[in-house]
Amino acid sequence: MTSTQHDPADPEARTAAGRVRGRREDGLAVFRGIPFAQPPTGRARFAEPQPVTAWEGVREASSFGSPPPQSSTYGPAPVPSDDDWLTVNVWTPAADPAAGRPVMVWIYGGAYKVGSADAPGYDAGRLAREGELVVVTFNYRTGVEGFAQIQGAPANRGLLDQVAALAWVRDNIAAFGGDPDLVTVFGQSAGAGSVASLLATPLAAGLFRRAIAQSVPGVYYSAPLAADIAGAIAAELGLRATTAELSGVDPMRLVAAGDAVDRKLSQYQDRWGQVAQTATPFAPVVDGEVLPATPWQALAAGAARDVPRIAGHTRDEMRLFLAMGGQLGKISDEQAAQSLRALGPGPDGEQAYRAAFPGASAESLYELVQNDWLFRMPTLQLAQAQAAGGGLAYLYELAWAAPANGGILGACHGLDGPLVFGNLDEGFAARLIGPAPYPAAEEVSAQFRTAWTRFAATGDPGWPAYDPQRRLTRIFDLPPAVTAYPEETSRRLWQDHFPPLPLPLTS
């Protein structure tokens, strides 16, 4: 925890709980693993995050905190090394309290069931250095720990962790050279859904000035639906979804129970409806307290109208998941028809898609409706709701195709993450972009980094705000462009059928 032996050049900063010591890295001061809340275990298990206990001396902040317990459905998951899951990391040009630099706070994605700030792709060194700003990343609870609806526990504990991390930024970031009144929160996938949720919850009011949501998933649960899902997960262990019965269960056993339900979601089609079409049994819950309404309802009613935001998606969101499931080139007419019926807009969704995209193959139709239902239309509608509520929104689409494997993955889900951070040679990015040199990827990455850091500093990303008449959209591609929303056919299909959210429990 603390140490008296260190390099005199190591940077230090004073937080509200005590002093911390980081490291010098490539011209930056970097601090890792600073607790923003007590470990959520023991009596704090399934509770809202609790304040950090102060420490004496100087705490070493050179290593990431332990990742939270998480699913293995996307591959081997890291096993927590300890229970200190709730930690923040800071990259700053200098830990100078007088600097007052813009601050960007990243929220990772991962279907609300995986994710950790120590992923190499989230190293914020390049973003902080080139943008001359402060970047913060942090861990929050995922899966059962963070999002299962458990009797006796607050809903949306993962979101409460995010609020606590942002409160830490407000109270401490000046010591690291950041301006607490100039905070931009940004996230991708479930991280973007979290950003949308933070815009809708009164608990986060005043904690950030701007927001960026990359590929917003449109899935939110009602409290009864979430409780039913949690009950099925607990039943895998022969238990009920209550704090009394689950608090003593090893976290990794709960992860395994969640994964078991995840693998057989299709068996719950009749009971949970469209949830069976997703890749996760977890999502934010509209519980009436943490989340009074869905983000689309809240923003259209004027919530956070004073928080400008960027919202956007990739052109080919679902191509990644088709590849992961070994389905590329294998979607049958029957699969396409089933997906169109289950997810298409209105009672004649299948016919509407077939008429709107005449001549499209079964796989194209399958991919289109999945793209639109889960990511593209929720993201578009977030911008529209913001504009309707009197706020500023900026819309974008990533159309540049990942070049690996002949470009078969297109502009797929997740490609924007490494492009924003500029980490193009780490594992996930390398699989999409291919071996260096990659001048095209560098150019598109520079487009993102320039727009994101400019927005964080000034509120203007460099293209016109969205309005429902012109629907101007920034296209990240080579060359870049600003044009009318490019997925106009899909927009028209969905304009009278939103939100496509599986809120109710159907029984």
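Trainee: Is tryptophan 91 buried or exposed, and how is that read?
Mentor: Buried means under 20% relative accessible area, exposed over 50% and partly exposed in between, with a 1.4 Å probe and protein chains only. Tryptophan 91 has 1% relative accessibility, so this residue counts as buried. Phenylalanine 64, at 30%, counts as partly exposed. Keep in mind that this is a predicted model, where local features need pLDDT of at least 70, side-chain atom pairs count only at pLDDT 80 or more, and totals for chains, interfaces and linings use all residues. Residues are numbered from 1 along each chain as its sequence is written, and side-chain values use heavy atoms, leaving out hydrogens and water.

Trainee: How many aromatic pairs does the structure hold, and how do I read one?
Mentor: A pair of aromatic rings is described by the distance of the centres and the angle of the planes. Rings of Phe, Tyr and Trp (its six-membered ring) pair if their centres lie within 6.5 Å; planes under 30 degrees apart count as stacked, over 60 as edge-to-face and the rest as tilted. The structure holds 24 such pairs. In one of them, phenylalanine 64 and tryptophan 91 have ring centres 6.5 Å apart and planes at 45 degrees, so the pair is tilted.

Trainee: What about phenylalanine 138 and tyrosine 140?
Mentor: Their ring centres are 6.3 Å apart with planes at 55 degrees, so this pair is tilted. Phenylalanine 138 and tyrosine 140 are both buried.

Trainee: Which residue lies over the face of tryptophan 55?
Mentor: A charge sits over a ring if NZ of Lys or CZ of Arg is within 6 Å of the ring centre and within 35 degrees of the ring normal. Arginine 59 lies over tryptophan 55, at 5.3 Å from the ring centre.
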